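Hi,

Here is the model I promised to send over. Have a look at it first, and then read my notes below.

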Amino acid sequence: MMKGQGGVQMLLTAEQEAQQIVADARNLKVERLKQARNEANTDIGVIRSNLEAEYQKKLSETSGYSGMNVKLLGQETEMKIQKLKAATSQISQDVVQMLINHVTTVRN
């Protein structure tokens with residue numbers, strides 16, 4: 001009977017040791033998952049900041065070109081307006097003379 005109780009005690013002790021090993025493994029797994037999540041968050045932060053910097057750089061480059069394009073378009077438009085004004089002032093006398101001739105000419 002003593003031998004049977006000793007066997008049961010050994011089984012209980014082995015079961016407790018197994019439970020402790022499983023609990024330790026779970027705790028280690030949880031710690032590793034936390035560590036992996038923290039490392040991933042750090043990597044994500046670095047990647048995000050790099051992409052944000054790259055985006056801001058491209059945004060500043062394109063907005064600079066955009067501003068330059070607007071300025072160039074404004075200058076071209078102003079030049080075309082001046083050319084049109086010059087062309088109109090040159091032919092306006094001819095147009096006025098033509099209108100006067102048509103109005104004052106009597107046809108039967």
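A word on the areas before anything else: accessible areas here come from the Shrake-Rupley method with a 1.4 Å probe. On that basis, the accessible surface of the chain is about 10300 Å², and carbon and sulfur atoms account for 61% of that. Do keep in mind that this is a predicted model.

Now the overall shape. The secondary structure amounts to 1 helix and 0 strands. The radius of gyration is 45 Å, while the globule rule gives 13 Å for 108 residues, so the chain is more spread out than a compact globule. Its C-alpha trace spans about 150 × 35 × 5 Å along the principal axes. How much of the chain is made up of buried residues? The figure is 0% of the 108 residues.

Glycine 74 sits in helix 1 and is partly exposed, because its relative accessibility of 37% falls between the 20% and 50% cut-offs. From its C-alpha atom to that of isoleucine 44, 30 residues away along the chain, the separation is 44 Å.

Valine 95 also belongs to helix 1, which covers residues 2-104. Its relative accessible area is 38%, so valine 95 counts as partly exposed too. Together with Ile91, Met98 and Leu99, Val95 makes a nonpolar surface patch of about 370 Å².

Cheers

Definitions and conventions: Residues numbered from 1 in each chain as written. Predicted model: local features only at pLDDT ≥ 70, side-chain atom pairs only at ≥ 80, totals over all residues. Heavy atoms only, no water. Patch = residues over 30% accessible without salt bridge, like charges linked within 9 Å, V, L, I, M, F, W, Y side chains within 5 Å. Salt bridge = Lys/Arg side-chain N within 4 Å of Asp/Glu carboxyl O. Helix = DSSP H or I, 4+ residues; strand = E, 2+ residues; numbered from the N terminus. Buried < 20%, exposed > 50% of the residue type's maximum accessible area, 1.4 Å probe, protein only. Rg over C-alpha atoms; globule rule 2.2 N^0.38 Å.
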